[in-house]
Amino acid sequence: MKALILIGGEGTRLRPLTMDTLKCMAPIANRNFIEYQIALLKKYGINDIVLSVCYMPEKVKEIVGNGKKYGVRISYTAEKLPLGTAGAIKNAEKLLDETTIVMNGDILTDIKLDEMLECHISKNADATIALHEAADPSAYGLVITDAQGMITRFLEKPKESEITSKWINAGIYIFSRKVIDMIPSGLNVSLERQTFPLVIDTKMRLAAFKSSQYWLDIGKIEKYMQANFDVLQGRFESLFGDEIADTGIKTGHGSIIDDRAVLSSPVIIGKKCRVAAEARIERSIIWDNVKIGEGAVITNSIIGNGCVVEQGCVIINTVAGAGSVFTRFTRSGTK
Ligand code: GDD
Ligand code: MG
């Protein structure tokens, strides 16, 4: 069986971090996010993975390549203009199997894909959607099921008055060819707003797989931060074996941290960074090649690749895009 990962979104809610990179390339505990999805698929024996790219395809290809370094085969489909979540699946159809797993490219999860496939088969479904129970479904796709666990309604980004369930679309699907066949070609089509309602209206079998495993959409700044700290602190089942740091502090290769710098957990520092004496970093994520000067303070912030924080700067609750330079006179805020 093959898998398709949708990574064609612009990642606007993660800006400025995604101004020069893709959401799926954002580091989680010093590993590109997409590696977690590849590792999950590989764990369940899915070694043929198609990436549906739109923006910055060269970034992904440069880093992920043909997948050999992860022990999988990666192929690509590209869109000149975004085709939407269903249009992207249609665009990849020639590369897909009779039954295909499709994943949103921003979900950190250790969902049990074998159990999901069993559910899909035992319910004789045309498509199966994994569901996650969310305290507030308003930012997601709301899913209503019947007593047999079949989906009777799908409502993307519901209004408060429409929320009658806590179960949301987890962005992980199993599709039979029959469903992909019904998506029109060459058009921008939304899986959530068009295809799923049509599948339900035409009485195709849309099954629900309710999962209680770890699940997080990393697509917003606070969730991205949470994903990093959850992985670092072992709240997410390890996929690689080296991502958890007992100290709650992780430092990438080639970084030099002065002995007199103070790091207060949770802190993740990427590769080739420099942290000078008396600098204080707490509850923050520092990407690669960042220079932090003497006595600088960074609290509850994310600092993008190649940023410079000059000595004595105080940075609080800030998200800094790649290459930002902070001098003593810079105010905190999104940069
Ligand atoms: N190839 C391609 N083309 N991919 C796309 C396109 C497109 O036009 N549009 C979005 N994607 C990809 C994004 O890169 C992302 O990985 C995934 O599709 C979902 O898009 P988001 O923009 O992250 O959607 P969302 O988080 O608001 O909502 C979706 O995910 C929720 C779960 O996190 C929906 O599927 C909801 O129903 C769901 O609950
Ligand atoms: Mg998302």
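Which residue's side chain does Arg73 meet in a salt bridge? The partner is Asp48, with 3.0 Å from N to O. A salt bridge here is a side-chain nitrogen of Lys or Arg within 4 Å of a carboxyl oxygen of Asp or Glu.

Before going further, a word on conventions. This is a predicted model, where local features need pLDDT of at least 70 and side-chain atom pairs count only at pLDDT 80 or more, while totals for chains, interfaces and linings use all residues. Residues are numbered from 1 along each chain as its sequence is written, chains are lettered from A and ligands numbered from 1 in the order in which they are written, and side-chain values use heavy atoms, with hydrogens and water left out.

**Salt bridges**

The structure holds 11 salt bridges, and three of them are listed here.

| Asp48 | Arg73 | 3.0 Å |

Arg73 sits in strand β5 and Asp48 in strand β4, 25 residues apart; strands (E, at least two residues) and helices (H or I, at least four) are DSSP runs, numbered from the N terminus. Asp126 belongs to the loop between α4 and β8, and Lys178 to helix α5, so this bridge ties together parts 52 residues apart in sequence.

For accessibility, buried means under 20% relative accessible area, exposed over 50%, and partly exposed in between (1.4 Å probe, protein chains only). Arg73 is exposed at 51%, whereas Asp48 is partly exposed at 24%. Asp126 is buried at 10%, and Lys178 is partly exposed at 48%. Likewise, Asp230 is buried at 6%, with Arg235 partly exposed at 48%.

**The magnesium site**

Asp106 and Asp217 coordinate the magnesium ion (ligand 2) through OD atoms at 2.1 to 2.2 Å. Donors are N, O and S atoms within 2.8 Å of the metal (3.2 Å for Na, K and Ca); water is not among the atoms, so sites may look incomplete. The two residues are 111 apart, Asp106 in the loop between β6 and β7 and Asp217 in strand β13. Asp106 is buried at 7%, as is Asp217 at 17%.

**An open sheet**

Five strands form an open sheet in the order β15-β17-β19-β22-β25, with parallel pairing; two strands pair if DSSP finds at least two bridges between them. β15 and β25 stand at the edges with a single partner strand each, so one side of each lacks a neighbour in the sheet. Within the sheet, β17 (274–275) and β19 (291–292) pair over two bridges, and Arg274 has Lys291 as its bridge partner.
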